[in-house]
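Me: I'd like a close look at one part of this protein. Could you walk me through it slowly?
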Amino acid sequence: MVDVCAEQFRNHWFAVARSSEVTSRPISILAFGRPFALVRDAKSEVLAFEDRCPHRGVPLSLGRMGREGLRCAYHGWSFGADGYCRHVPGASDSKMGANVRVPMFPVRERDGLVWISAKQSNPMPLRATAMDPAHRRFVGQLKWRAPILDAQENFLDALHTPFVHPGIVRGEAERTPVTVVVQKTKDGFVIDYSGQPRQSGWFYRLFESPRASERAYFSGMSMAQLEYRYRSGWSAWISLYFTPETATSTHVFSTLHVAGRWAPAFLIRLLVWPLLQRVGRQDQFLLEQQESSRRHFPDRHYVVTELDVARSHLETAWNHGETAVPERIDRVDMML
């Protein structure tokens, strides 16, 4: 899966850090099985270096920013915003090291997150560009010891919620008929749910009102989103941004956006965020148990039915690219 993810990295953007955690002190993050050093320069712009000094291989994230750029902690070699060596301490020739370069990666900051890609021209996930940062109420971060495809399927799968999140999201005893329609989009697919304007869990009872629509998006390989629009005119979006750390672990960044309703950030952090954190930890536990169990049965195949509405589309996207998602419209009736 790492090789597949690396191929997608060449064509897409992935979130790797919260903007607030990247400062003038470099940090190291592991993504796609390789370490990157992130740091802010004097202009407050985020730079992404390969986390390796080309002199002796020491992680550049152990260094610090100086006048000439990011300075290695071992011998003080400094690298500028273009990755080229700007200074070699102790050298009598000022041009020493001038042709030495650290690989750099394009960076974008959007909506409280730092994104990297292999090419600046790659498109951002369309759902990410649709979000208004003024409506954002928080940015969270987790790491799940599970493959990215399983993590994304979990978020897009509604049928697990009565069992993994009983009482918080849904209850097993209060199922209702729901029609689910899956359609291709320009950079992924969208899942529409109809027939359940109200939900049985505490989260709905405490914070929501009758829904006009409920949709789930998969966008640009890295983003999945739940969109709720309400009959009273307000809307909410729960977005997760997935980035593979390794073949079996995934960075998960989360945001909540609210529009058309009074919902101050401090109140969201006080009341809503603890419940969402609990849901995230419950998903994390099950996914990590699933991954641990699979290691004991490497030759077993797993059953996929029409109720697993996202799985086949996700597998197609990861194996062949999101443009390979079929044009067909899938319609499934289920009790949810």
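Which residue is the bridge partner of S219 in β16?

Reply: In β16, S219 has M223 as its bridge partner. Before we go on: this is a predicted model, where local features need pLDDT of at least 70, side-chain atom pairs count only at pLDDT 80 or more, and totals for chains, interfaces and linings use all residues. Residues are numbered from 1 along each chain as its sequence is written, and side-chain values use heavy atoms, with hydrogens and water left out.

Now, the strands. A strand here is a DSSP run of E with at least two residues, a helix is a run of H or I with at least four, and both are numbered from the N terminus. Two strands count as paired if DSSP finds at least two bridges between them. β15 (residues 211-219) and β16 (residues 223-230) run antiparallel, joined by 8 bridges. Their hairpin has 3 residues between the strands, and G220 takes a positive phi near 65° there.

β15 has another neighbour too: 6 bridges join it to β14 (residues 188-194), again antiparallel. One example is D192, whose bridge partner in β15 is R215. In general, strands of a sheet pair through backbone hydrogen bonds, either parallel or antiparallel.

What does F242 touch? Leaving out residues up to four places away in sequence, its contacts (heavy atoms within 4.5 Å) include S222, A224, W144 and F155.
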